[in-house]
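Dear colleague,

I am passing on the structure below, followed by some notes on what came out of going through it. Please read the notes alongside the coordinates.

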Amino acid sequence: MKIKKIVAAILAGTMVIAAMAVSAFAVSDFELTGTAITMDDSGIRINVFNPWGTEENGCHAVKSMEPIDGAVKVDVTVKVTGLEASGLGSFKLWLNGAANVDGCDVSYWEKDGSAKDGCQSTVAEVSADGEYTVTLTSEAAWVKGDNNFLAVISDIDAAAWNELNGGEGDTGLLSITAVKASAEAGDTPTGDSAATTAIILAAVAALAVVATVSVKKFAAER
């Protein structure tokens, strides 16, 4: 009976630490509600969430910004369909966004992918149909709030866009297919978080080995 209790405790510990390891890489998905395209000073903007927008100019593509809370990395995937037929040629996509919450330093309004105030966006070069993911990272973590703003910005010429579809633009050309937020800025954690994660994973492996040996020993003794 004593061996059984020890084995049970070891297995329980393994499960708890494994859950900790998984949570270290937790990624939150947003609930999509559609694609919200509007005009921007630098071209066509695809709003992910625009608290100052209206239904007429396309304010939201996600139900809420709650999953952004605590994130330092946000990925938005845009699907491009019918680019060649549109005649728009190639263009660029990037992310702008701001928490707009007192005490939170997340704020990025650049368009060339340069780092500013601890934030930076990747820039996607679009030259053919397909899915393109742009990523906004920040040193500070997002704080969810009523004025959170996030949008995919493009350098599509507004006049060229307005010539499509009889002057209405082509809303079928661009669509948001995924929005994800993560508390880890990179695929591989760095600094203290990397060390912590490595220790957790090592502990999981060690406990698994001990559990296996204990079970075999118990079986042999019987």
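**Buried polar residues and their surroundings**

Asp75 is buried, with a relative accessible area of 16%, which places this residue under the 20% cut-off for burial. The place of Asp75 is in strand β4, and its side chain makes a polar contact of 2.5 Å with the side chain of Thr135. Not counting residues up to four places away in sequence, Asp75 touches Thr133, Val134 and Thr135, and also Ala178, Val179 and Lys180. Please bear in mind throughout that this is a predicted model.

Strand β4 is joined to β9 by eight bridges, and the two strands run antiparallel; Val74, for instance, stands opposite Leu136 in β9. Both strands belong to an open sheet of five strands, with the order β1-β11-β4-β9-β7 and antiparallel pairing. The edge strands are β1, covering residues 27–29, and β7, each of which pairs on one side only. On average, and with direction ignored, neighbouring strands of this sheet are turned by 20° against each other.

Is Ser121 buried or exposed? With a relative accessible area of 4%, Ser121 is buried, and a polar atom of its side chain lies 2.9 Å from the backbone nitrogen of Leu95. Leaving aside neighbours within four places in sequence, Ser121 is in contact with Trp94, Leu95, Tyr108, Gly113, Thr135 and Leu136.

Asn96, which is found in strand β5, counts as buried at 8% relative accessibility. A polar atom of the Asn96 side chain lies 3.4 Å from the backbone nitrogen of Glu110. Beyond residues up to four places away in sequence, Asn96 touches Tyr108, Trp109, Glu110, Leu136, Phe149, Leu150, Ala151 and Ile153. Asn96 and Gln120 are 24 residues apart in sequence, and their C-alpha atoms are 9.0 Å apart in space.

In soluble globular proteins, nonpolar side chains tend to be buried together. Here the largest nonpolar core has 41 residues, and those with the most contacts inside it are Val76, Leu93, Val152, Trp161 and Leu174. The elements that give two or more residues to this core are β3 (43–49), β4 (73–80), β5 (91–98), β8 (123–126), β9 (130–138), β10 (149–154) and β11 (174–182). Leu93 is in contact, leaving aside its neighbours within four places in sequence, with Val78, Thr122, Val123, Ala124, Val126, Tyr132, Val134, Val152, Ile153 and Ser154.

**Confidence**

The mean pLDDT of the protein is 78, and 70% of its residues reach 70 or more. Over residues 6–25 the pLDDT is below 50, although this stretch has 24 contacts in the model beyond near neighbours in sequence. Residues 187–219 also have a pLDDT below 50, and this stretch has 31 contacts in the model when near neighbours in sequence are likewise set aside. Where pLDDT is low, the predicted coordinates should not be read in detail.

With kind regards

Methods:
Residues numbered from 1 in each chain as written. Predicted model: local features only at pLDDT ≥ 70, side-chain atom pairs only at ≥ 80, totals over all residues. Heavy atoms only, no water. Buried < 20%, exposed > 50% of the residue type's maximum accessible area, 1.4 Å probe, protein only. Polar contact = N/O pair within 3.5 Å; in protein donor to acceptor, adjacent residues only side chain to side chain. Contact = heavy atoms within 4.5 Å. pLDDT = per-residue confidence, 0-100. Core = buried A, V, L, I, M, F, W, Y, C linked by side-chain atoms within 4.5 Å. Helix = DSSP H or I, 4+ residues; strand = E, 2+ residues; numbered from the N terminus. Pairing = 2+ DSSP bridges. Axes fitted to C-alpha atoms, helices over the stretch in contact; angles between N-to-C directions.
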